[in-house]
Amino acid sequence: RGKPWFMVRSSDKLYSVTARTAIIGKWTHLAGILTPGKELQLYVNGELASTKEGVPFVDKNPIQPMEIGVDGLTAVGEYTSPFPFTGIIDEVRLHYGPYTAEQIRASMEEPGKVLKSDALVLSCNFNKGKAADTSGHKHTGKATNAKAVDGKFLQALRFTGKGPAKGGKVQGGVEHNWDQDIAVLARSMVLAKDTIFLAGPPDNTDEEDTFKRIMERDKTVEADLVA
């Protein structure tokens with residue numbers, strides 16, 4: 001309903017904070033923080049909007065990759081994946097380490113200026129429709145289902161809000177000449193004129209179902225993976 005949320009899932013338990021005011025139709029600076037004191041914080045336009053105490057750290061490396069504008073694998077919150085975003089996003093930054101209220105206000109007041117810190121691990125401005133990382137850590141991504149538009153500072157990405165394509169997978173920006181499932185995990189491939197030969201062990205698992213079972217800590221999945 002147009003209200004910002006910040007969610008963290010740790011040890012299978014969901015923690016969340018939300019602001020009361022909707023932010024639709026205007027540029028809004030958002031910052032979600034999990035503090036050293038284990039307090040979940042949500043800042044809206046430089047002001048603390050909501051907090052929750054006693055939130056544990058994420059002590060394992062997440063299985064899912066970093067995604068912006070869509071939650072394409074399994075849902076972090078109580079919604080149905082991929083839960084695509086519709087709207088414009090200009091600048092995304094990720095910090096591993098303390099980030100103060102003063103730093104949040106400074107980044108809001110000076111869009112386009114990357115405020116260097118030891119905690120900064122990702123900084124994307126989306127100029128020219130690219131997901132280039134300007135933090136120096138080379139975490140450059142790939143932009144799909146989005147196009148470059150005028151942003152708060154220079155350019156931003158407009159996300160179309162497209163849902164899953166046929167087969168339940170999130171639509172990408174590549175149009176294939178052919179696309180079908182195969183019965184093996186390809187370990188070798190050779191092209192002979194217009195025919196591709198593939199060789200490898202049988203593909204016994206459904207990737208999406210397997211990933212869901214892993215996230216749900218289903219121990220029975222281990223035998224399938226071994227096979």
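Tutor: A contact means heavy atoms within 4.5 Å. Now count the contacts in the protein chain with a separation of 6 or more: residues 24 or more positions apart account for 42% of them.

Some ground rules come next. This is a predicted model, in which local features need pLDDT of at least 70 and side-chain atom pairs count only at pLDDT 80 or more, while totals for chains, interfaces and linings use all residues. Residues are numbered from 1 along each chain as its sequence is written, and side-chain values use heavy atoms, with hydrogens and water left out.

How far can you trust the model? pLDDT is the predictor's confidence in each residue, from 0 to 100. The protein chain has a mean pLDDT of 86, and 92% of its residues reach 70 or more. One stretch, residues 164-173, has pLDDT below 50; in the model it makes 18 contacts beyond near neighbours in sequence. Where pLDDT is low, the predicted coordinates should not be read in detail.

Here is the whole chain. It has 3 helices and 12 strands. Helices (H or I, at least four residues) and strands (E, at least two) are DSSP runs, numbered from the N terminus. Along the principal axes, the C-alpha atoms fill a box of roughly 60 × 40 × 35 Å. The accessible surface comes to about 15700 Å², and 52% of that belongs to carbon and sulfur atoms. Such areas come from the Shrake-Rupley method with a 1.4 Å probe; for residues, only the protein chains shown count as cover. Of the 227 residues, 24% are buried. Buried means under 20% relative accessible area, exposed means over 50%, and partly exposed lies in between (1.4 Å probe, protein chains only).

Glu102 has a partner. It forms a salt bridge with Arg105, and their closest N and O atoms are 3.7 Å apart. A salt bridge is a side-chain nitrogen of Lys or Arg within 4 Å of a carboxyl oxygen of Asp or Glu. Both residues lie in α1, 3 residues apart, about one turn of the helix. Glu102 is exposed because its relative accessible area is 54%. Arg105 is at 29%, so it counts as partly exposed.

The whole structure holds 6 salt bridges. One of them joins Glu110 to Lys113, with the closest N and O atoms 3.6 Å apart. Glu110 is partly exposed at 35% relative accessibility. Lys113 is also partly exposed, at 42%. Another joins Asp224 to Arg213, with the closest N and O atoms 3.1 Å apart. This pair links distant parts of the chain: Asp224 is in helix α3 (residues 221-226), Arg213 is in helix α2 (residues 207-215), and they are 11 residues apart. Arg213 counts as buried because its relative accessibility is 15%. Asp224 is partly exposed at 34%. Salt bridges link Arg213, Asp218 and Asp224 in a network.

Most residues other than glycine have a negative phi, and most peptide bonds are trans. Asp12 is not a glycine, yet its phi is positive, about 70°. It lies in the loop between β1 (5-10) and β2 (13-18). Lys193 also has a positive phi, near 55°. Its place is the loop between β11 and β12. Lys193 is exposed, at 82% relative accessible area. The peptide bond from Ser81 to Pro82 is cis, with omega near 15°. Pro82 sits in the loop between β5 (47-53) and β6 (86-89).
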